[in-house]
Amino acid sequence: MGCCTGRCSLICLCALQLLSALERQIFDFLGFQWAPILGNFLHIIIVILGLFGTIQYRPRYIMVYTVWTALWVTWNVFIICFYLEVGGLSKDTDLMTFSISVHRSWWREHGPGCVRRVLPPSAHGMMDDYTYVSVTGCVVDFQYLEVIHSAVQILLSTKRTETELQ
């Protein structure tokens, strides 16, 4: 009686994954990270579709979600490699912003324990450049926070797939 059915487990995992994706979406919006924003948006839509498929017994929706889960895990592995600078990737490139802005991860300046200090610009006429922000005292560096976010997404996705197989 106290055990949760497979369907109930899927609904709970979908809800957790949705909350986690919404949280991640908020912080990606704050950092103007356009590539993750688009990925998170698609993920949120497909998680809702998977949730609906689970509740309404729609196997096609669950299959779409299952295929998306493989793509989502791949995307999150790429994010981990990007922030850990694996294989020639660099976290200092404009890849995540599609080169439309100079913004980086929101966690870079606002991580736990970080003290943000705006430095006066050394060159005349470059008042809007973010290179004049000094950040010290961070408990956890921003790249590790981004890696943790992606690892949580992977964990929730693999747990979801594991529950589907049971």
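Start by selecting Ile100, in the loop between H3 and helix H4 (107-110). Helices (H or I, at least four residues) and strands (E, at least two) are DSSP runs, numbered from the N terminus. Ile100 is exposed, at 61% relative accessibility. The classes are buried (under 20% relative accessible area), exposed (over 50%) and partly exposed in between, with a 1.4 Å probe and protein chains only.

This is a predicted model: local features need pLDDT of at least 70, side-chain atom pairs count only at pLDDT 80 or more, and totals for chains, interfaces and linings use all residues. Residues are numbered from 1 along each chain as its sequence is written, and side-chain values use heavy atoms, with hydrogens and water left out.

**The patch around Ile100**

With Ile100 they make a nonpolar surface patch of about 330 Å². Patch residues have over 30% relative accessible area and no salt bridge; like charges are joined within 9 Å, nonpolar side chains (Val, Leu, Ile, Met, Phe, Trp, Tyr) within 5 Å. A salt bridge is a side-chain nitrogen of Lys or Arg within 4 Å of a carboxyl oxygen of Asp or Glu. Areas come from the Shrake-Rupley method with a 1.4 Å probe; for residues, only the protein chains shown count as cover.

**The whole chain**

Zoom out and colour by secondary structure. The chain has 5 helices and 2 strands. From the N terminus, the order is α-α-α-α-β-β-α. Of its 166 residues, 38% count as buried.

Select residues 6-30, helix H1. The 25 residues of H1 should span 36 Å at 1.5 Å a residue, and the end C-alpha atoms are 36 Å apart, which agrees. The expected span is 1.5 Å times one less than the number of residues. Buried residues of H1 include Leu10, Leu13, Cys14, Arg24 and Phe27.

Step on to Gly31, in the loop between H1 and helix H2 (34-55). Gly31 is buried, at 3% relative accessibility. Gly31 and Arg104 are 73 residues apart in sequence, yet 5.8 Å apart in space, C-alpha to C-alpha.

**Ring pairs**

Show the aromatic side chains. Rings of Phe, Tyr and Trp (its six-membered ring) pair if their centres lie within 6.5 Å; planes under 30 degrees apart are stacked, over 60 edge-to-face, the rest tilted. The count is 11 aromatic pairs. Phe32 and Trp34 form a tilted one, 6.1 Å centre to centre with 55° between the planes. Phe32 is partly exposed at 32%, and Trp34 is partly exposed at 28%. Next, pick Phe52 and Tyr61: also tilted, 5.7 Å centre to centre, 40° between the planes. Phe52 is partly exposed at 36%, and Tyr61 is partly exposed at 29%. Finish with Trp75, Phe78, Phe82, Tyr83 and Phe142, a cluster linked by ring pairs.

**H3**

Select residues 59-83, helix H3. Glu85 follows H3 with a positive phi near 55°.

In the model, residues 34-55 are 100% helix and 0% strand, with end C-alpha atoms 32 Å apart. Residues 62-86 are 88% helix and 0% strand, with ends 33 Å apart, C-alpha to C-alpha.
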